2 protein chains.
Amino acid sequence: MPPHQQPPGSQGSEGSRSRATRAETGQASTVSPLTVNRLSVYLRSLRQLREQGIEKVSSQQLARRFNLSSTQIRKDLALFGEFGTRGVGYDVLELAEHLEKLLALGRVHRLAIVGMGNVGTALARFPAFNSGSFQVVAGFDNDPSKIGRRIGPIVVRPTSELVTSIRESGAKIAILAVPADAAPAALDALHRAGVRAVLNFAPVTLPSTSRCRIKNVDLRIHLEELSFFLDHPE
Amino acid sequence: MPPHQQPPGSQGSEGSRSRATRAETGQASTVSPLTVNRLSVYLRSLRQLREQGIEKVSSQQLARRFNLSSTQIRKDLALFGEFGTRGVGYDVLELAEHLEKLLALGRVHRLAIVGMGNVGTALARFPAFNSGSFQVVAGFDNDPSKIGRRIGPIVVRPTSELVTSIRESGAKIAILAVPADAAPAALDALHRAGVRAVLNFAPVTLPSTSRCRIKNVDLRIHLEELSFFLDHPE
DNA sequence: TCATGTGAAGCAGTTCACAGCG
DNA sequence: CGCTGTGAACTGCTTCACATGA
């Protein structure tokens with residue numbers, strides 16, 4: 001994944017003998033996005049094991065089953081506490097719950113989508129964005145022919161209503177799926193609407209601020225990466 | 001996502017200047033995906049400058065304008081040759097062309113999409129996947145109600161025809177947009193169809209091989225990353 | 001005994017600082 | 001002079017190796 005932004009760092013996190021972990025002291029992020037992404041992968045894997053009725057798993061079993069590194073699993077988890085039992089491994093159900101809590105998936109995050117083109121429309125209907133901890137509650141576009149149309153769980157509203165509508169909805173996460181040249185203005189509106197995190201599909205690298213974290217996802221770049229490695233094999 | 005891959009390779013490309021660079025010596029990839037992704041970003045930026053009629057640019061101007069690091073731009077480019085003029089900077093048009101060549105964007109890559117659900121459908125219609133160097137030429141699904149339907153540039157075909165159809169089309173890149181449990185079988189079929197690169201949207205981490213490079217993109221994980229940092233600010 | 005949790009080592013990616021050249 | 005290109009320093013991520021404890 002291409003990490004376009006870097007996380008800020010401030011706190012030293014010495015791993016000392018006591019039970020004082022990051023989670024318990026209340027101190028937050030010297031945690032890198034890479035680690036956080038892996039936590040999601042671990043959770044995804046544990047959910048699969050849970051569905052299969054598997055109750056215990058060691059880091060090595062997880063690693064083999066899901067193409068991961070057992071050391072890295074343990075190191076990543078160690079940032080947040082001690083979740084395993086020596087000589088045994090991890091309790092699948094319990095660790096999954098810990099990860100859900102860590103990733104703040106215990107509550108519902110309302111999502112607003114800006115730009116109801118191909119991508120915006122697909123994401124409005126996308127199950128992963130409309131289940132569990134996520135729920136699409138608003139969608140915006142400038143195109144008059146789209147206003148008022150029902151797409152997935154929402155009815156498209158004009159961008160002029162974006163700020164007030166998002167304020168009312170309480171959505172703190174937005175998906176930005178507008179053309180590149182419209183992105184800066186849209187982002188500015190999202191700031192004013194109180195949005196704190198943005199998943200940006202517009203082909204521009206928008207900078208994170210302390211007030212609003214941005215994750216840039218450019219699908220064309222992914223294709224170009226594959227194109228490069230096709231011509232520069234191995 | 002653990003990127004383990006590094007071995008050498010061979011690629012011939014005529015050099016342009018004095019010193020022996022990777023491109024000239026014929027050796028290929030010790031190049032990291034991170035670097036390649038940045039090349040795409042540089043190209044995207046240069047195209048924007050080109051449209052504005054700007055002819056020369058220094059690494060520092062690029063960096064300021066597009067939130068990049070000037071040193072990193074120079075280091076990244078240095079892997080492939082010497083494209084700038086000391087005391088001046090880079091020729092926008094020329095550098096863009098070099099990057100297009102490096103990223104193998106000088107020819108059309110035909111794409112096959114497996115799974116015409118929300119994501120597959122959106123990508124079939126997605127401009128970035130149907131312009132310039134990319135072109136969607138086939139789409140597959142198991143759902144009988146979808147077979148025969150025209151979506152964007154393609155007509156949906158049954159998955160049973162996947163191998164022969166992709167072979168005929170000559171597509172070497174596939175987009176995998178099926179449910180997680182269907183992904184392994186679909187990938188196997190893609191291997192048999194001669195596909196060399198896969199953009200995987202299924203929520204499983206599929207491993208790359210030397211025969212077929214895989215780029216895993218899990219949109220839910222992106223959301224979960226934002227969710228985490230929402231609750232663990234700064 | 002077995003697998004976790006963790007300092008220490010190793011490696012990759014980024015930034016610094018400046019030599020070299022137009 | 002200014003900007004590129006680049007060894008050297010640095011930061012941070014990953015892997016190793018083993019002490020620790022159920």
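The following questions and answers go through selected features of a predicted model.

This is a predicted model, in which local features need pLDDT of at least 70 and side-chain atom pairs count only at pLDDT 80 or more, while totals for chains, interfaces and linings use all residues. Residues are numbered from 1 along each chain as its sequence is written, chains are lettered from A and ligands numbered from 1 in the order in which they are written, and side-chain values use heavy atoms, with hydrogens and water left out.

Visitor: How far apart are the end C-alpha atoms of helix α9 of chain B?
Guide: Helices (H or I, at least four residues) and strands (E, at least two) are DSSP runs, numbered from the N terminus. The expected span of a helix is 1.5 Å times one less than its number of residues, so the 13 residues of α9 (residues 219-231) of chain B should span 18 Å. The distance between the end C-alpha atoms agrees with this: 19 Å.

Visitor: How many of the 13 residues of α9(B) are buried?
Guide: Buried means under 20% relative accessible area, exposed over 50%, and partly exposed in between (1.4 Å probe, protein chains only). The buried residues of α9(B) include B:L219, B:I221, B:F228 and B:F229. The helix is mostly covered, and the number of buried residues is eleven.

Visitor: Is B:N142 buried or exposed?
Guide: B:N142 is found in the loop between β5 (134-141) and β6 (150-151) of chain B. Its relative accessible area is 61%, so B:N142 counts as exposed.

Visitor: What separates the C-alpha atoms of B:N142 and B:M116?
Guide: Along the chain, B:N142 and B:M116 are 26 residues apart.

Visitor: Which residue forms a salt bridge with B:R47?
Guide: A salt bridge is a side-chain nitrogen of Lys or Arg within 4 Å of a carboxyl oxygen of Asp or Glu. The closest N and O atoms of the pair are 3.2 Å apart. The pair links distant parts of the chain, with B:R47 in helix α2 (residues 33-51) of chain B and its partner in helix α5 (residues 92-102) of chain B, 53 residues apart. The partner is B:E100.

Visitor: Is B:R47 buried or partly exposed?
Guide: The relative accessibility of B:R47 is 24%. This value lies between the limits of 20% and 50%, so B:R47 counts as partly exposed.

Visitor: Which residue forms a salt bridge with B:K146?
Guide: The closest N and O atoms of this pair are 3.9 Å apart.

Visitor: How far apart are the closest N and O atoms of B:R157 and B:E161?
Guide: B:R157 is partly exposed, with a relative accessible area of 37%. B:E161 is also partly exposed, at 30%. The two form a salt bridge, and the distance is 2.7 Å.

Visitor: What is the phi of A:A104?
Guide: Most residues other than glycine have a negative phi. A:A104 lies in the loop between α5 (92-102) and β4 (109-114) of chain A; its relative accessibility is 4%, so it counts as buried. A:A104 is not a glycine, yet its phi is positive, near 60 degrees.

Visitor: What is the phi of B:N67?
Guide: The place of B:N67 is in the loop between α3 (59-66) and α4 (70-78) of chain B. At 43% relative accessibility, B:N67 counts as partly exposed. Although B:N67 is not a glycine, its phi is positive, about 55 degrees.

Visitor: What separates the C-alpha atoms of B:A197 and B:R213?
Guide: B:A197 is in strand β9 (residues 197-200) of chain B. Its relative accessible area is 1%, so B:A197 is buried. B:A197 and B:R213 are 16 residues apart along the chain, and their C-alpha atoms are separated by 4.7 Å.
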